Amino acid sequence: MIETIVRPLLIIAAAMGTALTTAAGLIWLERRLLAVWQDRLGPNRVGPFGLLQVVADMIKIFFKEDWIPPFADRPVFVIAPALLVVSVLMSYAVVPFAPGIVVADLNVGLLFFLAMVSLGVYGLALGGWSSNNKYALLGAIRATAQMLSYEVFMGLAVMGVVILSGSFNLQQIVRAQEGMWFCIPQFAGLVIFLIAGFAESHRLPFDLPEAESELIAGFHTEYSGIKFGLFFVGEYMGITLISMMTVILFFGGWMGPLLPPVVWFALKTFVLICVFILMRASLARPRYDQLMHFAWKVLLPLALLNVMVTGAIVLAFD
Amino acid sequence: MLSILRAIGTVLRHTFRPRETIQYPEQQPYLPPRYRGRIILSRDPDGAERCVACYLCAAACPVDCIALQATQDETGRRYPAFFRINFSRCIMCGFCEEACPTLAIQLTPDFEMSEYRRADMVYEKEDLLIAGPGKYHEYNFYRVAGRAIGGKDKGAARNESPPVDVRSLLP
């Protein structure tokens, strides 16, 4: 009884709690880190180190007017932000936080993750479409094109890992890194996966769907209040998710000396989240055609080459 | 590709740079003496009001926030009966200071003048008038101007000769 019901429920609650609190905490972390790299201080007034800024932001966004424009497609408009958040949250089900601590130990965990990340594009596309606004629509078109082209080789980039570990199960992938983390033999795969991850979570430098300077706010131009907040929760949970997956696939997941596995997992994820924010602080947004060019003409062949070379080497040595 | 890595490196190095932020209420920023903040009315070195109520500041004011009324004392010296600046309208442009012929009205490096009630933003003459000469320590309008007032006749000003009767032939 305890093993079959209470334990999974506890893990689900813990996973949900982690996802949502990190998403909220990332608001603060991002602002502070951006400030560090721009010679500023960032929010430091509310609570110790400005940590309660998160609470202040939440309260503010909850009390904002939740306005649905009269020209919007109402049901789709309402459901779009939820779609994005749900699709990201679903992926957390297969993330192994520590040995045995995973909501659903699927033997196709990696495929499930890729599928759920692909579903995220519906949130953006429907949100932009139902807003009935040209900027939102342009943002949605860009989001769709960008996420479709980048998820092609996001899947291909991790195939090297799958070849090396011989499994789609994320726990077994982590266990296969006992001797050496996959970031060394699969360095090309790591770089390609990270770039695709930036694009999938539509973060700078790949934030073309939002592109404040050209599209106002892109696909969420017409959103306000808690729906707008949900889009951001989705974005921050996406960052955390991509960081977690990178840790699992390339940096040995929970493995590490001395400290308990969960702490190692959290530490590695934290470092990768900081890398995400560092990219935002240092890189400029490419033009739309450069983005597509980079995806199809550079990264896709590289990913294919990586899979072929890895496969050939594994075949030769077995 | 290399330029991207260099950009990331440059940004990372900024972690250890000193911060630009001045934590305002605890840490006061340095404001230069010419900073255009709260407006004051100064006095000349003798302690009398500099303002001669010429209305030039009120005319120069682009937002019409200065109101005053001229009057004279028994010695013929002009001064404002009331002088009112509505700081809820004032845009701190400094045109009044430029227009003032007697260096009476001056802008100071002080901006902390928030109020809870709009009516409190209206400063009367007693709020504006300060005890000292402000930015110009020596200047005294009536000591250099030709106009006669009580205690100083025509020609008694600095760098001024007594008036000549041009209709008389006598040397």
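**Cavities, helices and chains**

Student: Which residues line the second largest cavity?
Tutor: They are Leu41(B), Cys51(B), Val52(B), Cys54(B), Cys57(B), Phe83(B), Cys100(B), Pro101(B), Thr102(B), Ala104(B) and Ile105(B). A cavity is a set of points on a 1 Å grid over the protein atoms alone where a 1.4 Å probe fits but cannot get out, and lining residues have an atom within 4 Å of a point. This is a predicted model, where local features need pLDDT of at least 70, side-chain atom pairs count only at 80 or more, and totals for chains, interfaces and linings use all residues; side-chain values use heavy atoms, without hydrogens and water. Residues are numbered from 1 along each chain as written, with chains lettered from A and ligands numbered from 1 in written order.

Student: How much space is in the second largest cavity?
Tutor: About 70 Å³. Its lining has 10 nonpolar residues, 1 polar and no charged ones.

Student: How many cavities are there of 30 Å³ or more?
Tutor: There are 4. The largest has a volume of about 170 Å³ and is lined by 16 residues.

Student: Which of those lie nearest its centre?
Tutor: Val88(A), Val117(A), Glu200(A), Ser201(A) and Gly238(A). By class, the lining of the largest cavity divides into 7 nonpolar, 7 polar and 2 charged residues.

Student: Which helix gives the most to that lining?
Tutor: α9(A), with 5 residues. At least two residues each come from α3 (74-91), α4 (109-130) and α9 (225-250) of chain A. Helices here are DSSP runs (H or I) of at least four residues.

Student: OK, helices then. How do α7(A) and α9(A) pack?
Tutor: Helix α7 (residues 187-200) of chain A packs against α9(A) at an angle of about 170°, and their axes are 10 Å apart. α7(A) is therefore roughly antiparallel to α9(A), a label for angles over 145 degrees.

Student: Which residues meet?
Tutor: From α7(A), Gly189(A), Leu190(A), Phe193(A), Leu194(A) and Gly197(A) meet Ile242(A), Met245(A), Thr246(A), Leu249(A) and Phe250(A) of α9(A). Contact means heavy atoms within 4.5 Å. The residues of the contact of α7(A) with α9(A) divide into 7 nonpolar, 3 polar and no charged.

Student: New topic: how many residues does each chain put into the contact between B and A?
Tutor: Chain B gives 16 residues and chain A gives 13. Between them the two chains bury about 1,200 Å², with 59% of it on carbon and sulfur atoms. Buried area is the accessible area (1.4 Å probe) lost on putting two parts together, summed over both.

Student: Which three residues supply more than any other three on chain B's side?
Tutor: Ile8(B), Val11(B) and Arg19(B), which supply 41% of the area that chain B buries against chain A.

Definitions and conventions:
1 Å grid on protein atoms, 1.4 Å probe; cavity = no way out; pocket = protein on both sides within 12 Å on 5 of 7 lines; lining within 4 Å. Points joined across faces, edges and corners; volume = space filled by probe spheres on them. Nonpolar A, V, L, I, M, F, W, Y, C, P; charged D, E, K, R; others polar. Axes fitted to C-alpha atoms, helices over the stretch in contact; angles between N-to-C directions. Parallel < 35°, antiparallel > 145°, perpendicular 65-115°, else oblique.
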